[in-house]
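Work through the exercises below with the structure open. Each task is followed by a solution in steps.

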Amino acid sequence: MDLSKLKKRPSYPFETIAVAISFSPRCHPVLAEAKRLSDVLGASMLLLHIGEKTSEKEQELDEMMSKIGVNPNHSRVIWMEGEPVDTILKLCKLNIVDLLVLGALEKENILKFYLGSIARNISRKAKCSVLLLTNPDPQPKKFKKIVVNGVSNPKTIHTINTALYLAKNLKVKDLTIVNEVDVPGLAMAIADDSTAPQTKEIKKNLAEESEETLQMILEKCDSGDVNVTDKNIKGKPGYAISKFSKDKKADLLVINSPDTHLNVFDRIFAHDIEYILADLPCNLLIVHSRI
Amino acid sequence: MIKLAHNELIVLLLSISTMLIISRIFAELGKRFKLPVVMGELIVGIVLGPTILGMMYPDIFLYLFPRTGNIPIALDGIFSLSVIMLLFVAGMEVQLSLVLKQGKVAVYTSMFSMVIPFFTGFAIAWFFPEIFSIPDEQGPKLLFALFFGTALSISALPVIARILMDMNLFKTNIGMVIIASAMFNDLIGWLIFSFVLSLTNKSVNDHFSLWYTVLYILGFGLFMLTIGKKIIDKTLPWMQTKLSWPGGVLSISLGICLLSAAFTEAIHIHAILGAFIAGIAFGDSVHLREQAREIIHQFVTNFFAPLFFVSIGLKVNFIENFDGRIVAIVLVLAYVGKVLGAFIGARLGGMSKNHSLAVGFGMNARGAMEIILGTLALNAGLISKPIFVALVIMALVTSLTSGPLMKRFID
């Protein structure tokens, strides 16, 4: 397999969608959701099971696939034994997967969260985009509202374009690009020698700066007939957008992949994606832009 | 219970109001020349203190700031409360997650900008104690060397934040690296300084006691930054919605600060550490509203900070205790250690040569934090007045030159 194909591969279209099969009660709805996506996006499906291959499991999977209507000509099943996280990540790399679909609980118990569950650990490490489904349905429902993180980052343009690509294909009309405004140390900087109008001006300038950056990104995007709105919100990155998505009752939150390698310290001193993973507000798409 | 007499109360109120009003006037004048507020406050202290007023009008000086009776005790209580509050708000702006978020460049910059000045200061103090008139005995020499290393490695987040804001660099990569690294410097610096302070009354040969102190400091820090932080995070939304706003949050937050300070003082670590760590636990909460944060900052920065910084000039005669040689040595060490350390760290983290130098000069601002550190060390008998004066001058010079020097490498 030529791994160089992965480098600089655009974050969309999703040509290969992989889904992790665990034979848990959520497996059927997760597969159904993945199947819906692959049908709409014209992607081939890759079903991954990490564990022993038995005739019972094979039979169960066949039944599930036929019940959901997964086309065997457009799908492959890979069985492999090994450590789940690393094996899934390796298989995704080898098979040039564009999107990996996983089922995930909204909230893990404390111990599991700090130790890291399979779905969340994959989200932190994956070299492809990952979709975490919090409430997968055997009869998948249409996404109506998408919230996208518009943070100032070179990856954001790819994330927004990927969200627009999804919105267009899934016929989502409401897409909100959110920019979280948080300036660490600002309260301290303005505390002793700024007059009230100066403080107001400083805050206004910071908000306008964020707005301008976002507008520049949006100008480069083709939104088609998707109704795109942008919003500046105050608060800690990750936490603020998570709360916004919950309040807005969004169906999907789209964010950039993490910039750094995340470990347990990032969970203790949470920031950005870790706030979202700690309590998923809705389905979460982490876009890996491969830049 | 001992009470202030009628006249004593009047004098106390007069001295506090004099400090507050005159320091505000100086701060506003200084603003026109782009001078940091702390500089105006220090000048007021020098003018009102033994250096000028005490020399020219000793009667007025002793009337306003008597050396005996209950007033000095009352003022000392206020100054102690001021430094605790200052450390609390300094802690409130420390976000350890920012260091993790900025990745290896922030980790390298904060490490090297801490380690190189620390060891430079430690080595000079250890091998050449005579420069600072420190007796060549293991105990005092070790304590001073530890302090001096810490004094050179600390940064001043408030000054740095202000410089970055004025230069419109707050949200840039350079700005974030500087802020994150300064936050980390402050945390480690205050932890080490608390350790040094707690040792001042102990024998450095008492290894059992030493390890207990280290254990207490680390244990307290770890508890507050994990479990304590979680508890604050869980209760803050309730406080902000169920208690009167913003009074409820103010009372509780300042109460937690004092409680934490009392605890660390009780276990023989200085109260400042409790306040600083409580500030981190409180300020890092995602639920703390911007308005509450700003009110706490305004209250402390505009009431307690002037009192504290003016009080410095009241205690020390800056002319009598000015030693040009010590000032020069401290300045050179401060510039070389910090700028070089941060430069190396930023370069290793992948920044360009010019940007790394900008980070180095940005991190070099010591400002108010250095002065607080020096004052506490002076009060604890760790350093002499000439060294304290040198540290204050270094704090002011580094703060004043930080912005212009940074600019050279950013343009």
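**Exercise 1.** State which elements the buried residues of H6(A) pack against.

*Solution.* The buried residues of helix H6 of chain A pack against strand S6 (145-149), strand S7 (174-181), H8, strand S9 (252-256) and strand S10 (283-287) of that chain. Helices (H or I, at least four residues) and strands (E, at least two) are DSSP runs, numbered from the N terminus. The model is predicted: local features need pLDDT of at least 70, side-chain atom pairs count only at pLDDT 80 or more, and totals for chains, interfaces and linings use all residues. Residues are numbered from 1 along each chain as its sequence is written, and chains are lettered from A and ligands numbered from 1 in the order in which they are written.

Next, count the burial. A residue is buried if 20 or more other C-beta atoms lie within 10 Å of its own, exposed if 12 or fewer, and partly exposed in between, with C-beta atoms placed from the backbone. In H6(A), 10 of the 14 residues are buried, so the rest of the structure largely encloses this helix. Among them are His158(A), Ile160(A), Asn161(A) and Leu164(A).

Then check the length. The expected span of a helix is 1.5 Å times one less than its number of residues. For the 14 residues of H6(A) (residues 156-169) this gives 20 Å, and the end C-alpha atoms are 20 Å apart, which agrees. After the helix comes Lys171(A), with a positive phi near 60°.

**Exercise 2.** Describe the pairing and the two faces of S10(A).

*Solution.* Two strands pair if DSSP finds at least two bridges between them. S10(A) pairs with strand S5 (residues 129-133) of chain A in the antiparallel sense over 3 bridges, and with S9(A) in the parallel sense over 5 bridges. Ile286(A) is the bridge partner of Val130(A), while Leu285(A) stands opposite Val254(A).

Now the faces. In a regular strand the side chains alternate between the two faces of the sheet. Asn283(A), Leu285(A) and Val287(A) point one way, Leu284(A) and Ile286(A) the other, and all are buried. With 5 of its 5 residues buried, S10(A) is largely enclosed by the rest of the structure.

**Exercise 3.** Is Asp251(A) buried or exposed, and what does it touch?

*Solution.* Locate the residue: Asp251(A) lies in the loop between helix H9 (239-248) and S9 of chain A. Asp251(A) is buried, because 20 other C-beta atoms lie within 10 Å. Two residues are in contact if their C-beta atoms, placed from the backbone, lie within 7 Å. Not counting residues up to four places away in sequence, Asp251(A) touches Phe143(A), Lys144(A), Lys145(A), Ile146(A), Cys282(A) and Asn283(A). Pro140(A) is 111 residues from Asp251(A) in sequence and 12 Å away in space, C-alpha to C-alpha.

**Exercise 4.** How many residues of each chain are in contact across the A–B interface?

*Solution.* The contact involves 23 residues of chain A and 29 residues of chain B. On the chain A side, H7 (186-191), H8 (196-219) and H10 (264-268) each supply at least two residues. The largest share, 4 residues, comes from H7(A).

**Exercise 5.** Check the span of H18(B) and find its bend.

*Solution.* The 26 residues of H18(B) (residues 385-410) should span 38 Å, and the end C-alpha atoms are 37 Å apart, which agrees. The bend at a residue is the angle between axes fitted to the seven residues ending there and the seven starting there. H18(B) bends by about 40° at Ser402(B), and Pro404(B) follows within four residues.
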